[in-house]
There are 4 protein chains.
Amino acid sequence: MFSTAISPRVYETDAFGHINNTSVPGWFEKGREPLFRIFTPDLDIRKMPLILARMEVDFLAELHYGAEVELRGWIQKIGNSSVHVLQEAWQNGVCGARGVSVVIHFDHVQKRALPVPAEIRMQLEHHFLEK
Amino acid sequence: MFSTAISPRVYETDAFGHINNTSVPGWFEKGREPLFRIFTPDLDIRKMPLILARMEVDFLAELHYGAEVELRGWIQKIGNSSVHVLQEAWQNGVCGARGVSVVIHFDHVQKRALPVPAEIRMQLEHHFLEK
Amino acid sequence: MFSTAISPRVYETDAFGHINNTSVPGWFEKGREPLFRIFTPDLDIRKMPLILARMEVDFLAELHYGAEVELRGWIQKIGNSSVHVLQEAWQNGVCGARGVSVVIHFDHVQKRALPVPAEIRMQLEHHFLEK
Amino acid sequence: MFSTAISPRVYETDAFGHINNTSVPGWFEKGREPLFRIFTPDLDIRKMPLILARMEVDFLAELHYGAEVELRGWIQKIGNSSVHVLQEAWQNGVCGARGVSVVIHFDHVQKRALPVPAEIRMQLEHHFLEK
């Protein structure tokens, strides 16, 4: 499991009084940073060979300003070029949002998908969702 | 069909040179504004009886700064309390992102889902995806 | 004067019920797009020779979701490399925010300021604040 | 001094390859959270009696994705209702942005400024910029 703590920001709330749903994909992007590090250990964004192909988010409970959020992530599936990441945002013991992101190992210059290398695959497998 | 034109903003790009994927849910929120108007004609956010239960987005092509984006939306399905909205972001003749949002007719005070009223249902049906 | 209309987005509000102050610099960035076009007519961001050196914003009145905002801009001063832009955000006849941005003509490769060319200076002067 | 560590997010970068200037006011808002706590110890946003009257930011150096940022803040001046906060964003030993925010003690119901109470004033004074 990947785990990242973030602290919600006032501007991430909306007039309904809680965190706006559009803030959650940005949180989940931050929650995938341990995955980014597996592909690019120094996090140099110019060399990061990843794109996002798909995101799904279910909004399960209100998330609020004023209490930390734990972003949990698990590798759900590794395809030839794709990595499916299950992510959850927990606050005060409640899972407020859960989603799946499909990340593609990608050559930004040639604009084409690349196979996930074996050594990266092994590191990713350490984060498989436990049954 | 709902159609809304937006103009991408520099800050919506990222270091990969194109629109960051987390900007798209915010665009789609704006693209659902015609739906918000059906529920709340004056767009007074304090009276807007809607929450988002789920979003899915497929990222199909790069979207860029410097050219308008047309946000297209269709009602896909109307449940008892839920409305499924299919949305697309088109730029320069290419569909860069497509997603489905599930919006719930919701009482923010009592924190419970409400049935979609018949007269609203009729207005929504004008925007059904044509077969 | 530059004038750009934008339509506030739900996610730009915050729990206080109106537009969060951090949304306004993003609006003003969009409001400087006519200036970006003077430097880079095709708006190709890879060739845009500008950086922001400073921003000031005074928040004068609440801005809300649900009504268009007009972003007005004027060139206040042109230095050797710098351009001072005065900007205002108007909604329902009220100026909700006013600010000054200092933009620098900049070589992103050599990381140094460049003089504002004479022909650009002439175009900018058309947008001088009228006395 | 207030000090808050944040970790830049990919979506906060822009196509120029570094942190977009519009991300910094959001960081500074987070950096003022210790001030928010002095006024509202439980951070309940519905009771937070503050508005922002003005922000100024000087952009001094590029800020990047991939390394933590320390947000430093000092109380610069306390007026009758206003608090001037000097803030800096430091990354890898470099101050990338410095700004002043003017926060007003404010009654959101009656829409009017309130004097800063003596006991809050005393707590704020602990964070005065040292000469």
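Two residues are said to be in contact when heavy atoms of theirs lie within 4.5 Å. The legends below use the word in this sense, and the model they describe is predicted.

**Figure 1. The loop around C:Thr40 in the predicted model.** C:Thr40 sits in the loop that runs between helix H2 (33-39) and strand E2 (50-59) of chain C. Setting aside neighbours within four places in sequence, its contacts are C:Lys47, C:Met48 and C:Pro49. The relative accessibility of C:Thr40 is 3%, so this residue counts as buried, the cut-off being under 20%. C:Asn21 is 19 residues from C:Thr40 in sequence, and the two C-alpha atoms are 29 Å apart in space.

**Figure 2. Chain A and its order of elements.** Chain A holds three helices and six strands. Read from the N terminus, their order is β-α-α-β-β-β-β-β-α. The radius of gyration of chain A is 15 Å, close to the 14 Å given by the globule rule for 131 residues, so the chain is as compact as a globular protein of that length. Its C-alpha atoms fill a box of roughly 45 × 35 × 25 Å along the principal axes. Of the 131 residues, 59% count as buried. Among contacts between residues at least 6 apart in sequence, 64% join residues at least 24 apart.

**Figure 3. The surface and charges of chain A.** Chain A exposes about 5600 Å², and carbon and sulfur atoms supply 54% of this area.

**Figure 4. C:Val83 in the largest nonpolar core.** In soluble globular proteins, nonpolar side chains tend to be buried together. The largest nonpolar core here has 67 residues. The members that touch the most others are C:Leu35, C:Val83, C:Leu124, D:Leu35 and D:Leu124. Beyond its neighbours within four places in sequence, C:Val83 is in contact with residues including C:Leu35, C:Phe39, C:Ile75, C:Ile78, C:Val116 and C:Leu124. Also among the contacts of C:Val83 are C:Lys77 and C:Ser101. Another core, of 66 residues, lies apart from this one; A:Ile38, A:Val85, B:Phe36 and B:Val103 are among its members.

**Figure 5. A:Gly26 and its contacts in chains B and D.** A:Gly26 belongs to helix H1 (residues 24-31) of chain A. At 2% relative accessibility, A:Gly26 is classed as buried. Leaving out neighbours within four places in sequence, A:Gly26 is in contact with B:Thr22, D:Arg9 and D:Tyr11. A:Gly26 is 25 residues from A:Ile51 in sequence, with 14 Å between their C-alpha atoms.

**Figure 6. Positive phi at A:Lys111 and C:Asn92.** Most residues other than glycine have a negative phi. A:Lys111 is not a glycine, yet its phi is positive, at about 55°. This residue lies in the loop between strand E5 (94-107) and strand E6 (112-113) of chain A. With a relative accessible area of 46%, A:Lys111 is partly exposed. C:Asn92, also a residue other than glycine, has a positive phi near 50°. Its place is in the loop between strand E4 (82-91) and strand E5 (94-107) of chain C. The relative accessible area of C:Asn92 is 65%, so this residue is exposed.

Terms used. Residues are numbered from 1 along each chain as its sequence is written. Chains are lettered from A and ligands numbered from 1 in the order in which they are written. This is a predicted model: local features need pLDDT of at least 70, side-chain atom pairs count only at pLDDT 80 or more; totals for chains, interfaces and linings use all residues. Side-chain values use heavy atoms; hydrogens and water are left out. Helices (H or I, at least four residues) and strands (E, at least two) are DSSP runs, numbered from the N terminus. The radius of gyration is taken over C-alpha atoms; the globule rule is 2.2 Å times the number of residues to the power 0.38. Buried means under 20% relative accessible area, exposed over 50%, partly exposed in between (1.4 Å probe, protein chains only). Accessible areas come from the Shrake-Rupley method with a 1.4 Å probe; for residues, only the protein chains shown count as cover. Lys and Arg count as positive and Asp and Glu as negative; His and the chain ends are not counted. The place of a charge is taken as NZ of Lys, CZ of Arg, CG of Asp or CD of Glu. A nonpolar core is a set of buried Ala, Val, Leu, Ile, Met, Phe, Trp, Tyr and Cys residues joined through side-chain atoms within 4.5 Å.
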